[in-house]
Amino acid sequence: MTNIQERAQQILRSEAAAIAAVEVNSAFDAAIEAIEACRGKVIVTGMGKAGFSANRFAAVLCSTGTPAVFVHPGEAAHGDLGVVGPGDCLFAFSTSGKTREVVEMVELSRHLGPHKVIAVTSHPQSDLRLVSDIIIDMGQIAEPCPLGLTPTASIAVMSAIADALALIVMERRGFTRKDYGLRHHGGYLGAKARLDNV
C-alpha cells in the first residue's frame, strides 16, 4: 500500500528538481528582448496541458502590463489565426515540440507578417525547434507519474519558465502597484492593489 505522505514528498521533490535543472541561458535574454521589442501583441499557444500553461502565461502577462492573448491551435485552423499580424510575438508551448496543431500554427502564422516565434519545449529532436527563432529548452524531464506519461513535472517547468519571463518583463518596465490595480480591479488582489490608487 502506498505511503501517502512519502509519495507526496517524492512527487514534490521530483517537480522541484525539474524546475531547478532548467538551464538559464541567453535564450531567456532573447525572449525578454522579443517581448520588450514587440510592437503588436504577445500571442501564446499550446495544446492540451501545455495549452493550460500557455493560457495562464497570457493571463499573467495581461495583469502585469503586457497585452497578450491565448489562441488555441485547433481554433487557429478555423480562423483564429487571423489575430496574428506584423510586429507580434508568438510563444509556442509544447513539451514534445511535435504537436501537429502547434507546429502547423507556427508555420502558417509566418504568412501573416514578420514576427518573432519563441518555443518553450523539451525534446531535442522536434519540428517546433526548426520553425522557431528562439528556443527556451526545458531540459529532459522525468515525469513522476507511475506510468511515466502524465505531464506534471513538465508542466511545472513550463509554468515556472513562463512566470520567470512575465515577472522579469514586469520589473524591467517599472510596473507599479497602481498599474496592477488598473488592470486587476476585482477581488482580493484588486482591493490590495487599490490601496495606492485612491
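Contact is taken here to mean heavy atoms within 4.5 Å, and it is in this sense that the packing of the predicted model is described below. By that criterion, the buried residues of helix H3 pack against strands E1 (42-46), E2 (68-70) and E3 (89-94) as well as helices H7 (153-172) and H8 (177-183). The residues of H3 that are buried are Ala50, Gly51, Ser53, Ala54, Phe57, Ala58, Leu61 and Ser63. An α-helix has 3.6 residues a turn, so residues three or four places apart point the same way. Just after H3, Gly65 adopts a positive phi of about 100°.

The strands of the model can be considered next. Five strands are arranged as an open sheet with parallel pairing, in the order E2-E1-E3-E4-E5. Because E2 and E5 (134-137) stand at the edges and each has a single partner strand, one side of each is left without a neighbour in the sheet. On average, and with direction ignored, neighbouring strands of this sheet are turned by 20° against each other. Within the sheet, E1 and E3 run parallel and are joined by five bridges; Val42 stands opposite Cys89 in E3, and Gly46 has Phe93 of E3 as its bridge partner. On the sheet packs helix H2 (residues 26-37), which touches E1, E3, E4 (116-121) and E5, its direction making about 130° with that of E5. Strand E3 also pairs with E4, again in the parallel sense, over six bridges, and here Phe91 stands opposite Ile118 in E4.

Helix H7 lies across E3, E4 and E5, and runs at about 160° to E3. Its packing against other helices can be set out in turn. Two packed helices are described by the angle between their axes and the distance between the axes. For H3 and H7, the axes come within 10 Å and cross at roughly 15°, and since angles under 35 degrees count as roughly parallel, H3 is therefore described as roughly parallel to H7. The crossing of H3 and H7 is right-handed. In this pair, Lys49, Ala50, Ser53, Arg56, Phe57, Val60 and Leu61 of H3 meet Ile155, Met158, Ser159, Ala162, Asp163, Leu165 and Ala166 of H7.

Helices H2 and H7 pack at an angle of about 55°, with their axes 10 Å apart, and H2 is accordingly oblique to H7. The crossing of H2 past H7 is right-handed. On the side of H2 the contact is made by Phe28, Ala31, Ile32, Ile35 and Glu36, and on the side of H7 by Ile161, Leu165, Ile168, Val169 and Arg172.

The crossing of H1 and H7 is right-handed. Glu15, Ala18 and Ile19 of H1 make the contact with Ala153, Ala156, Val157 and Ala160 of H7.

A further point concerns the loop between helix H5 (100-109) and E4, in which Gly113 is found. Gly113 counts as buried because its relative accessibility is 15%, the limit for burial being under 20%. The C-alpha atom of Gly113 is separated by 7.4 Å from that of Gly87, although the two residues are 26 residues apart along the chain.

Key. Residues numbered from 1 in each chain as written. Predicted model: local features only at pLDDT ≥ 70, side-chain atom pairs only at ≥ 80, totals over all residues. Heavy atoms only, no water. Buried < 20%, exposed > 50% of the residue type's maximum accessible area, 1.4 Å probe, protein only. Helix = DSSP H or I, 4+ residues; strand = E, 2+ residues; numbered from the N terminus. Pairing = 2+ DSSP bridges. Axes fitted to C-alpha atoms, helices over the stretch in contact; angles between N-to-C directions. Parallel < 35°, antiparallel > 145°, perpendicular 65-115°, else oblique. Left-handed = near helix turned anticlockwise from the far one by under 90°.
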